[in-house]
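Please follow the paragraphs below with the sequence and the coordinates open side by side. They move from strands and sheets to a helix and then to aromatic rings.

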Amino acid sequence: MSVLTRYEAQTRAELLDVHRYTIELDLTTGDETFDSRTLIRFTTRADADTFVEVKPAELRSVTLDGQPLDPETLDGNRLPLKNLTAGEHELRVDAAMRYSRTGEGMHRFTDPTDDETYVYTQLFLDDVQRVFAAFDQPDLKAVFDLSVKAPEGWTVLANSRTEHLGQGRWQAAPTPLISTYLVAVAAGPWHSVRTEHRGLPFGIHCRRSLARHLDADADEILGITRACFDRYHEKFDEPYPFDSYDQAFVPEFNAGAMENPGLVTFRDEFVYRSAVTDAERQTRAVVIAHEMAHMWFGDLVTLKWWDDIWLNESFAEYMGYQTLTEATRFTDTWTDFGVARKAWGYEADQRPTTHPVAPEAVPDTASALLNFDGISYAKGASALRQLVTWLGEKDFLAGINTHFARHKFANATLADFIDSLAAATDRDVPAWADAWLRTTGVDTLTPRLTNGDSTGTYTLTVDHDGTRPHRIAVGLYDHDLTDEGRFTLRERLDLDLPQSAPQPVGKRPALLLLNDGDLTYAKIRFDPESFAAVRTGLSGLPEPLTRAVVWNALRDAVRDGELPATAYLDTARTHLPHERDLSLVQGVLAFAAVPIADRFLTPEQRPAALSTLSALCRDLIRRTEDGDHPGLRLIAVRHFIDVAAHPDTIAAWLADGTVPGGPELDPELRWRILARLAVLGATDEAAIAAELDRDPSASGQEGAARCRAALPDPDAKAKAWQAMFATDDLSNYLFAATAEGFWQPEQADLVREYVPRYYEDAVAVAARRGPAIAAAAGRAFPAHAVDAENLRLGEQCLREADPIPALRRKLADQLDDLARALRVRGAS
């Protein structure tokens, strides 16, 4: 299949105006394919040749202006349109299209709980051609007029309001002008909760087997939806641009969510069937706010080409966190952003595969797909947060509203956006954009304190390794006179970098913290006295966002080989038992357990690390026995399970169906324990089958696949490998679950023979099954094998095996992480 190049898209956009798609889908033709009939009305500005994209199972007929075209001229995914004359045209395409099991195109899923079937589209980035014929690029916007024939008893959802005409036929209202990748359909026997807000119909939908779980959270989900909707209308002059707002929680979804206008699709893990923490509820709320922001950023005003991905994702990321903080009970979202999302950005930005937030050119759609990463989301959102700090929110929002007014229902570029912002401020926005959006890498800020005179007055100079301007806050903290274990904030100083002169700070603070409040994107270091104070007093800092900045600095120091991994564990052991912020506890434990215990430490050091983490989790469990902190207790229980080196305690929990003092074991915790018991060789196939009988849901199927792949048995490993790489039967989710179970540090000798096999087999399955499975195969990398031979094999694969772009990017990132782990081990 040919990927669309930037040049081809520009050429086609200069030639065509696409007016309207009339699409008829028939979902009643069987389990493997559905029928797709498309009428495209378009105009050409000159006599020319062009092409339309379609990926059919069978191309039945094509007519152009009433004249038949030969279906045999289809070349891969391109149907040539020859000898077009200037003027109006009608193209009709009749095809049978394949359902997907990989979350691409029209995904079909049968729920093992009740055998009900659901289908939904995911057409991003260039998968509309798997569902209907289209000129598939974002700047050829059109009206979409959609009708669907579905089995009786199904409900059909779409971008606009749908009407059931009888006999399984549904008609959606024509859309405003939108891009092809934003068209959406979701059909099945949905369980729906409907309401109305500000004159618009709102709905949330899930599969029937999750109905009671959605109902339990419906008030919360709809409440957040209404609050964000109202807050966006306070920020934006342009009203919500579509006729309804549905949110469908769909199975086996490849992303967190997708911003289809009027029909946002979410992974249905966000319909919680087991206990979750308030931090996880906040994450769901952030995603709701993020996708709603896209109704303006991305849907109303859309990028012209994929080099401006950030104009969609960075804005939605920033607006999601900021608006949730302003409009809901989740008022501390930036702590979670700093711990979870920003770390993702820092890691991506230090790999060889990094790219500017706004790259100069993205050559084709395959390259564009690789840029949906920590740069386009977390770094871009961090840059915007810094921009708001620098411009002021009033001018920032004025520029945003100018941008919407100028480009609504159209497409825009980075230059358009800069022009809109520049109209609202006297500041040099183009220079800011060049420094922040056209560069790569992470600046590093290091403080130097100098005692300038006999009065004990100190001055601060910041050594700035990098080129970007920064506006930061500097926190000056003294020891609390009434509690030696705590700090009090003396003062926060605003500081612009690069400095024009040293900054007076008065007497020497016990702790000086750069970027207090986390308003910029940079790694920070400590002066020696502050570093010593942090190591002994971190938990005594008064604000969670301040502690997040410190934890991130320690994380960076470990990854850069400047702080021994064991020292990070010691700091966690000292301070995490006193931490109450759930995002911080989760983030620190996750970093300690996987990068540190599994990769940065040697196999000989790993048992002591697991023992430390077990003791830490046990302390948190003891601390929460009063029942006042259920979220903290749940995090501690989960991580205690994950790092258990001996099966006895967790096996007893499973047998009893509860953790002593709570919580009772819900399905997620039962599968989690069973997976760890499988790794430790303390369970077997019979127990896994019995648990699957107890929980035959889709999540249960994934849990069983994960457990079976984790069994320390040669036959189990062979079967798991066969399922992943030799057959193409696994869905995207079952492939990922099997991969998660397969490689285990405790089983390095058992799976050693599979390490060299991985590269050849991953390249082959990615080529056969496409980008979604390629990404899953990349995540199936043998990351536990931190050795020079694994690195050599991987580098050889990149040089010689020609993996498809989605796998190449994943392998390049994994190999860079592997090389970093080797360096960290060497520095320890």
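Strand β24 (residues 470-480) and strand β25 (residues 483-497) run antiparallel and are joined by eleven bridges, where helices (H or I, at least four residues) and strands (E, at least two) are DSSP runs numbered from the N terminus, and two strands pair if DSSP finds at least two bridges between them. The two strands form a hairpin with two residues between them, and Gly475 has Arg492 in β25 as its bridge partner. The model is a predicted one, in which local features need pLDDT of at least 70 and side-chain atom pairs count only at pLDDT 80 or more, while totals for chains, interfaces and linings use all residues. Residues are numbered from 1 along each chain as its sequence is written, and side-chain values use heavy atoms, with hydrogens and water left out.

Strands of a sheet pair through backbone hydrogen bonds, either parallel or antiparallel. An open sheet of four strands, with antiparallel pairing, has the order β8-β9-β14-β11. Its edges are β8 (105-110) and β11 (155-158), each of which has a single partner strand, so one side of each is left without a neighbour in the sheet. From one strand to the next the twist averages 10 degrees, with axes taken as lines fitted to C-alpha atoms, for helices over the stretch in contact, and angles running from 0 to 180 degrees between N-to-C directions. Within this sheet, two bridges join β9 (residues 117-122) to β14 (residues 185-188), and Tyr120 stands opposite Ala186 in β14.

Another open sheet has five strands in the order β15-β16-β17-β19-β18, and its pairing is mixed. Here β15 (191-197) and β18 (257-258) are the edge strands, each pairing on one side only. Strand β16 (residues 200-206) pairs with strand β17 (residues 245-250) in the parallel sense over four bridges, and His205 has Ala248 in β17 as its bridge partner. Helix α2 (residues 211-235) lies across β15, β16 and β17, and runs at about 25 degrees to β15.

In helix α9 (residues 414-422), the residues Leu414, Phe417, Ile418, Ser420 and Leu421 are buried, where buried means under 20% relative accessible area, exposed over 50% and partly exposed in between (1.4 Å probe, protein chains only). These residues cover an arc of only 160 degrees around the axis, which puts them on the same side of α9; the arc is that of the directions from the helix axis to the C-beta atoms. The buried residues of α9 pack against α4 (309-327), α7 (375-391), α8 (393-407) and α10 (429-437), with contact meaning heavy atoms within 4.5 Å.

A search of the whole structure finds 53 aromatic pairs, in which rings of Phe, Tyr and Trp (its six-membered ring) have centres within 6.5 Å, and planes under 30 degrees apart count as stacked, over 60 as edge-to-face and the rest as tilted. One of them joins Trp721 and Trp743, whose ring centres are 5.9 Å apart and whose planes stand at 85 degrees, so the pair is edge-to-face. Because Trp721 lies in helix α21 (residues 714-726) and Trp743 in the loop between α22 (732-742) and α23 (754-769), the pair ties together parts that are 22 residues apart in sequence. Trp721 counts as buried at 3% relative accessibility, and Trp743 counts as buried at 9%.
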